[in-house]
Amino acid sequence: MQKPRIAIIGAGPGGLILARILHLHGVNATVFERETSYATRPQGGSLDMHQESGQYAIECANLTAEFHRIARYEDQESRIYDMHGNLLLIDDDVTGKNRPEVDRGQLRQMLLESLPTGILRWGHDLRSIEPNGNGTFELIFHGKASETFDLVVGADGAWSRVRPLVSQAQPVYSGVAFVECGIDDVDARHPELARMAGRGLTFFVGQSKALIAHRDANAHLGIYAALRALENWIEQGGLDLSSPHTTRASLALHFHGWPDKLLEMIYRSGDRITPRTIHALPIGHRWPNRPGVTLLGDAAHLMSPFGGNGANLAMQDGAELALALTHAQDWRSAVQAYEEAMFTRAEPCAAQAWEAIDQVFSDDGLTHILQSMREHAREGATS
Ligand SMILES: Cc1cc2nc3c(=O)[nH]c(=O)nc-3n(C[C@H](O)[C@H](O)[C@H](O)COP(=O)(O)OP(=O)(O)OC[C@H]3O[C@@H](n4cnc5c(N)ncnc54)[C@H](O)[C@@H]3O)c2cc1C
């Protein structure tokens, strides 16, 4: 088939895996990333890679051996406590489980190293896209020269600049905010917290709030303090951000009534404290096909992190789109077929993620998280 010139906007897991698989099949797309280098920002904690999506994409990218070097099968435990610190559920038998954890930074590094130099252009912040009238699109960047492509893939996350070309949908606030913090070298510095959190994902739930701890690589304990809040609660002074010390203290106040042994996770955390509001695109988000433009990952189906599907789906999207483009006779029909399958795949995950966040941050959150964790443990054991 006639090969389109392909631009991928965004070097997240979805965009990078797309570029890698295209490259394996002899198609060199160009990836434009607004960050100026790999080191611009920490990538955050761990992701569990699902067999049918994230791991499948890694296999298509011929990176399974590299993945096994960074995958942490030992960190698949789960625990649930109530807000008083009573342990209600523990699943610490990881035998046969196949949803290994991987550090986001290490995953990104693995994907970056798999691409030849020249494919990824750092420091390219897409400002807008202009249709040229002949079926091609001009990409306009902040402070860089414009470039023209036949196919533009928006892999640029929640607030995609590509999405408006195909859809008017905007992410909607879930009503829940996460404050991300963490403790370095937790085993040596705070062994009692390390023991309580175990090796995997741990929830402390009550009063429509949660402290969520997850074991990352290098003995880092990632922590999310999550609660219902107004979308602009930070602007309204919901946290005193004047120093890390005051931020920790004002965050702990939101968990008034929780015992000190749990609040220690906030008090002992490091100085990098990042508040995030959790948004989602409408469940079942789709658009009429527009030749020359498509989306993948969060740009197409942003959902709450409950269910752990976001990065997994982004990678599967990248893999499916790459395979469609390399196998089809007509690339425009290939993109259309990819979109239809992607809409169908993402919708139930988005519905489940929306329902889960709503239920966990309700008066009955503890019952819901217990039920969902039991199902998750069963799935992990069988997948
Ligand atoms: C708190 C939290 C926990 C999560 N936990 C999990 C989990 O356990 N498992 C899981 O599967 N998912 C999880 N997710 C979801 C996951 O992070 C996302 O679904 C995933 O990163 C989406 O990948 P992506 O490639 O679509 O987009 P992104 O990872 O968002 O990457 C987009 C890239 O595009 C770049 N970009 C953006 N705008 C522009 C522009 N204008 N020009 C150029 N480049 C641009 C960005 O800099 C970024 O590098 C979590 C999300 C959150 C918020």
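I take helices (H or I, at least four residues) and strands (E, at least two) as DSSP runs, numbered from the N terminus. Residues are numbered from 1 along each chain as its sequence is written. I am working on a predicted model, in which local features need pLDDT of at least 70 and side-chain atom pairs count only at pLDDT 80 or more, whereas totals for chains, interfaces and linings use all residues.

**Entry: loops**

I looked up Asn 62 and placed it in the loop between α2 (51-60) and α3 (64-70). Its phi is near 60 degrees, a positive value in a residue other than glycine. For burial I count the other C-beta atoms, placed from the backbone, within 10 Å of a residue's own: 20 or more make it buried, 12 or fewer exposed, and anything in between partly exposed. Asn 62 is exposed, with 12 other C-beta atoms within 10 Å.

I then turned to Ser 208, which lies in the loop between β13 and β14 and has a positive phi of about 60 degrees although it is not a glycine. Ser 208 counts as partly exposed, with 15 C-beta neighbours inside 10 Å. As background I noted that most residues other than glycine have a negative phi.

In the loop between α1 and β2 (30-32) I found Gly 26, which is exposed, with 8 other C-beta atoms within 10 Å. The C-alpha atoms of Gly 26 and Thr 326 are separated by 8.6 Å, although the two residues are 300 apart along the chain.

I treat two strands as paired if DSSP finds at least two bridges between them. On that basis I traced an open sheet of seven strands in the order β5-β4-β13-β14-β15-β12-β16, with mixed pairing. At its edges stand β5 (87-91) and β16 (274-280), each with a single partner strand, so one side of each is left without a neighbour in the sheet. Neighbouring strands are turned by 20 degrees against each other on average, direction ignored; axes here are lines fitted to C-alpha atoms, for helices over the stretch in contact, and angles run from 0 to 180 degrees between N-to-C directions.

Helix α11 (residues 331-360) packs on this sheet, touching β12, β13, β14 and β16, and its direction makes about 125 degrees with that of β16. I count two residues as in contact if their C-beta atoms, placed from the backbone, lie within 7 Å.

I followed the pairings of β12 next: it joins β15 through eight bridges in the antiparallel sense, with Gly 182 having Gly 222 of β15 as its bridge partner. β12 and β16 pair antiparallel over six bridges, and there Phe 178 stands opposite Arg 276 in β16. Strand β4 (residues 77-82) runs antiparallel to β5, joined by four bridges, and Arg 79 stands opposite Ile 90 in β5.

In helix α8 (residues 260-267) I found Leu 262, Met 265 and Ile 266 buried. They cover an arc of only 100 degrees around the axis, which puts them on the same side of α8; the arc is that of the directions from the helix axis to the C-beta atoms. The face turned away from that buried side carries the exposed residues Asp 260, Lys 261 and Tyr 267. What covers the buried residues of α8 includes β12 (172-183), α6 (191-197), β13 (200-206), β14 (209-215), β15 (221-228) and α7 (244-253).

In helix α4 (residues 104-113) the buried residues are Gln 106, Leu 107, Met 110 and Leu 111. Seen down the axis of α4, they fall within an arc of 135 degrees, so they line one face of the helix. They pack against α1, β3, α3 and β6 (101-103).

**Entry: the ligand shell**

Which residues are closest to the ligand? Of the 32 residues that surround it, the closest are Gly 10, Gly 12, Gly 157, Gly 297 and Gly 310; a residue counts as near if its C-beta atom, placed from the backbone, lies within 6 Å. α1 (13-24), β3 (46-48), α9 (298-301) and α10 (310-327) each supply at least two residues of the shell, and α10 gives the most, with four residues.
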